[in-house]
Amino acid sequence: MKLEFIGAAHEVTGSCHYLEIGGKKLCVDIGMEQGQNLFESQEIPVNPAEIDYILLTHAHIDHTGLLPMLYARGFRGEVYTTRATADLSAIMLRDSAHIQQFEAEWRNRKAQRSGGETYVPLYTMEDALGAINLLIPCEYGREVRLCEEVTIRFTDVGHLLGSASIEIFACEGEERRTIVFSGDLGNRNKPILRDPIYTKKADYVVVESTYGDRLHGETPDYVGEIAEVIERTFEKGGNVVIPAFAVGRTQELLYFIRQVKEQGLVKTNPDFEVYVDSPLAVGATSIFGKNVEGCFDEEAKELVRKGINPIGFPGLKLSITSDDSKAINFDLEPKVIISASGMCEAGRIRHHLKHNLWRKESTIVFVGYQSRGTLGRALLEGAPTVKLFGETIEVKADIVKISGISGHADKKGLVEWVRGFDEQPPKNVFVVHGEDQVCDSFAACLRDEYGISASAPYSGSIFDLIRGEYTYVADPVRIRKKESAKRRAMDVFGRLVAAGERLLAVIRKNEGLSNKEVAKFTNQINSLCDKWDR
């Protein structure tokens with residue numbers, strides 16, 4: 001029974017943890033890395049076709065984004081998650097595949113002109129749809145038996161619609177262990193969603209640490225701050241542009257802006273229009289409406305009972321097509337534009353930045369975490385110019401950050417969640433999903449201030465869950481140069497190799513077939529080999 005740390009070890013994105021329990025192989029999250037990373041992440045130590053189960057904590061791409069790539073490489077196991085996460089993942093993985101293919105087409109047009117190498121997308125829409133078909137939705141709070149060795153349970157942690165911590169009840173012979181993965185822990189007193197629910201018992205805990213070195217402080221007056229920014233910008237005749245994650249943050253912003261309008265806090269133009277320019281955000285907003293009873297807090301539920309849409313109001317415009325998106329910037333009336341991606345790395349937000357960054361009348365408002373190496377981080381840190389679509393843009397717009405709007409618990413919230421295991425405190429706590437020094441400092445805080453055994457493992461470290469000790473402690477392997485497109489993307493021949501590895505995994509799984517079936521399978525393989533053996 002072992003736990004191996006793969007992704008988001010001393011880094012914030014790319015979450016992935018690998019477990020072996022009684023011969024079963026499973027992953028908790030399979031996320032895509034976003035922004036700049038300091039360290040190399042180890043590969044999952046087995047052929048994807050050998051993985052039996054994947055468990056997803058929530059739908060954000062840094063926790064789910066490589067699921068279609070695993071499918072492309074032969075994974076055909078079962079993927080368990082909450083019902084809302086399954087719904088959100090279905091639209092987010094399709095969106096991710098669209099971005100992958102669009103980027104490949106754009107790169108290949110450039111390569112044709114320059115004689116460069118062909119770029120192959122990380123995965124295709126076909127891969128995404130195949131992965132989506134493997135999703136199995138589960139309810140909060142119910143134990144789900146995957147097999148004799150593994151039972152799981154999802155608990156709401158208030159980070160995102162459908163987000164959950166996951167308890168894994170592991171059995172290997174006479175040994176029993178409970179391992180709890182926090183996923184991303186939410187803030188208390190957030191709009192729309194419930195507060196995190198604590199888990200009481202665990203042998204081992206894997207906890208995120210995104211804000212493990214800081215406090216959010218007193219809850220800001222979000223409604224008042226947003227209203228003030230809109231009023232100030234409209235008085236100058238500019239636009240308010242808000243890069244926001246399409247799922248979660250966009251819906252929270254709509255909740256606040258509804259209150260701004262209800263209270264008449266913008267005097268310059270009380271009937272101002274708000275554009276949500278993201279097909280993904282529009283789809284996600286619809287899914288929010290379908291999960292009121294299962295995920296909303298009491299305040300939001302009460303609004304629904306009164307017939308009030310918590311995230312809808314007059315003047316809300318939903319932009320779907322690319323023509324809709326382009327038209328926004330040809331309308332000279334001051335407006336609020338909410339668009340993805342939240343870190344400005346892709347999507348329609350980059351077009352809105354191109355049209356507004358150079359305007360001293362406009363304001364760019366950041367309301368979420370910006371990873372190192374992203375365009376959003378560069379703007380927050382005062383970059384005087386940025387490059388968008390091959391063009392250098394001078395930054396003259398106001399750059400504003402509204403602090404405290406975070407989907408993540410701060411240091412206090414993280415400590416409270418870890419200390420919430422009061423019926424059976426964990427033997428060890430593993431700190432992940434934080435920037436390099438933050439992981440170390442939060443682990444030290446748990447040890448020194450609360451007497452909790454805690455460590456911050458690097459990618460590749462392996463922990464024996466029965467013996468209660470590391471069997472391998474990995475050293476950090478720093479990334480020396482930017483990965484090339486060829487290295488990041490699985491090339492066409494690589495897909496063929498992956499298919500061969502999947503065939504080998506299928507052969508192993510069919511040990512014990514009757515002699516007749518084995519002979520039939522063997523003949524089919526030999527026929528295929530005869531066709532292609534040159």
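Predicted model: local features only at pLDDT ≥ 70, side-chain atom pairs only at ≥ 80, totals over all residues.
Start with strand S17, residues 385-388. One face of S17 is covered, and Val386 and Leu388 lie on it.

Strand S17 has a partner. It is strand S18, residues 391-394. The two run antiparallel and are joined by 4 bridges. In one of these pairings, Thr385 has Glu394 of S18 as its bridge partner. S17 and S18 form a hairpin, with 2 residues between them. Look at Phe389 in the turn: its phi is positive, about 55°.

Now move to a sheet. It is open and has 8 strands, in the order S6-S5-S4-S3-S2-S1-S22-S23. The pairing in this sheet is mixed. Strand S6 (135-138) and strand S23 (469-472) stand at the edges. Each has a single partner strand, so one side of each has no neighbour in the sheet. From one strand to the next, the twist averages 25°. Take one pair inside the order. Strand S1 (residues 2-7) and strand S2 (residues 16-21) pair in the antiparallel sense, over 5 bridges. Leu3 stands opposite Leu19 in S2.

Helix H3 lies across strand S5 (78-82) and S6. H3 runs at about 115° to S5. H3 also packs with helix H7, residues 279-289. Their axes are 10 Å apart, at an angle of about 175°. That angle makes H3 roughly antiparallel to H7. Which residues meet? From H3 come Asp87, Leu88, Ile91, Met92 and Asp95; from H7 come Leu280, Gly283, Ala284 and Ile287. This contact divides into 6 nonpolar, 1 polar and 2 charged residues.

Compare another helix pair. Helix H5 (residues 222-236) and helix H6 (residues 249-262) pack at about 75°, with axes 9 Å apart. H5 and H6 are therefore roughly perpendicular to each other. H5 brings Tyr222, Val223, Ile226 and Ala227 to the contact. H6 brings Leu253, Phe256, Ile257, Gln259 and Val260. Here the count is 8 nonpolar, 1 polar and no charged.

What happens to nonpolar side chains? In soluble globular proteins, they tend to be buried together. In this model, the largest nonpolar core has 82 residues. Ile54 and Val336 touch the most other members of that core. Helix H3 (residues 83-114) gives the most to this core, with 8 residues. Val336 touches, among others, Ile230, Phe234 and Ile257. Apart from this core lies another, of 29 residues, among them Leu55, Leu146, Val150 and Val432.

Thr151 lies in strand S8, residues 150-156. Is Thr151 buried or exposed? Its relative accessibility is 15%, so Thr151 counts as buried. Leaving aside neighbours within four places in sequence, Thr151 is in contact with Glu143, Val144, Arg145, Leu146, Glu167, Ile168 and Phe169.

Finish with helix H13, residues 411-419. Its buried residues are Gly413, Leu414, Val415, Trp417 and Val418. What covers them? The cover includes strand S9 (164-172), strand S10 (175-181) and strand S11 (204-208). Strand S20 (428-432) and helix H14 (436-450) are also part of the cover.

How values were computed. Residues numbered from 1 in each chain as written. Heavy atoms only, no water. Buried < 20%, exposed > 50% of the residue type's maximum accessible area, 1.4 Å probe, protein only. Contact = heavy atoms within 4.5 Å. Axes fitted to C-alpha atoms, helices over the stretch in contact; angles between N-to-C directions. Parallel < 35°, antiparallel > 145°, perpendicular 65-115°, else oblique. Nonpolar A, V, L, I, M, F, W, Y, C, P; charged D, E, K, R; others polar. Core = buried A, V, L, I, M, F, W, Y, C linked by side-chain atoms within 4.5 Å. Pairing = 2+ DSSP bridges.
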